[in-house]
Amino acid sequence: MNIIRKVEVFGDSILKGIQVNPLNKRYHVDNNIGVEMLNEKFSLNIINRSKFGCTVTKCKTLLDKFLSEKQDCAVILMDFGGNDCDFNWKAISENPGAEHEPNTPINIFTKTYTEIVEKIRGHGIRPVITNLPPLEPQRYFDWFSKGLNKENILRWMEGVNAIYRYQELYSRAAEEIARSAGALLVDLRGRFLRERYLGRFLCEDGIHPNTEGQRLITQEFMGFCDGALAGDG
């Protein structure tokens, strides 16, 4: 009989399954990532604790509490960086000449994420990190800049593609943390980038995977589990 392995998921809105409702243009949970399929095929019990807007620093607080309660699980899967790399766009639109830091500066992001991975390993739990699905910069800019001074934001960014580059910086940082701190990596970004037209897989806001995008995530998790978990018992 296969042993059921408990997998705890600490992530942001990507793994929570947040999408944009095309009718009212509001965020809602519509999670089509194939959790039941993964549970059945790989004898898992996946518990999703992902939260909308969560950053790696918020995750550290949640995980410290979780681990202090001596929870029994085999794997902790994490998906962070998307909110960490974002900015206070309202503040930028009002004062583009000032210095503006992302929600979590890259040095703090790297340090905190590394500490989290090391603490998980110290509890005898396998840490797994995902990198970031790519965003569509123009679509995201049009979404977050509604009601703001777009000219000021563009002047501060020096071009809309800066959004993509900055998000990629955090995705690469997550990959390096996985390599250096001993976590396994799920390459969600690579799965999306293999598609010819990225926009087909993203919601109107340019950052959240739609149902088709969530199916790509399922495919990548299936392939990952085939390679990393299938022989564990």
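Q: Is Y170 buried or exposed?
A: Buried means under 20% relative accessible area, exposed over 50%, and partly exposed in between, with a 1.4 Å probe and protein chains only. Y170 has a relative accessible area of 0%, so it is buried. Bear in mind that this is a predicted model, where local features need pLDDT of at least 70 and side-chain atom pairs pLDDT 80 or more, while totals for chains, interfaces and linings use all residues. Numbering runs from 1 along each chain as its sequence is written, and side-chain values use heavy atoms, without hydrogens or water.

Q: How many aromatic pairs does the structure hold?
A: A pair of aromatic rings is described by the distance of the centres and the angle of the planes. Phe, Tyr and Trp rings (six-membered ring for Trp) pair with centres within 6.5 Å; planes under 30 degrees apart are stacked, over 60 edge-to-face, the rest tilted. There are 14 such pairs here. Take F80 and Y113: 6.2 Å centre to centre and 75° between the planes, hence edge-to-face. This pair links distant parts of the chain, 33 residues apart: F80 sits in the loop between strand 5 (75-79) and helix 4 (89-94), Y113 in helix 5 (residues 106-122). (Helices are DSSP runs of H or I, at least four residues; strands of E, at least two; both numbered from the N terminus.) F80 is buried at 0%, and Y113 is buried at 0% too.

Q: What kind of pair do Y166 and Y170 form?
A: A tilted one, with 5.7 Å between centres and 40° between planes. Both lie in helix 8 (residues 162-181), four residues apart, about one turn. Y166 is partly exposed because its relative accessibility is 29%.
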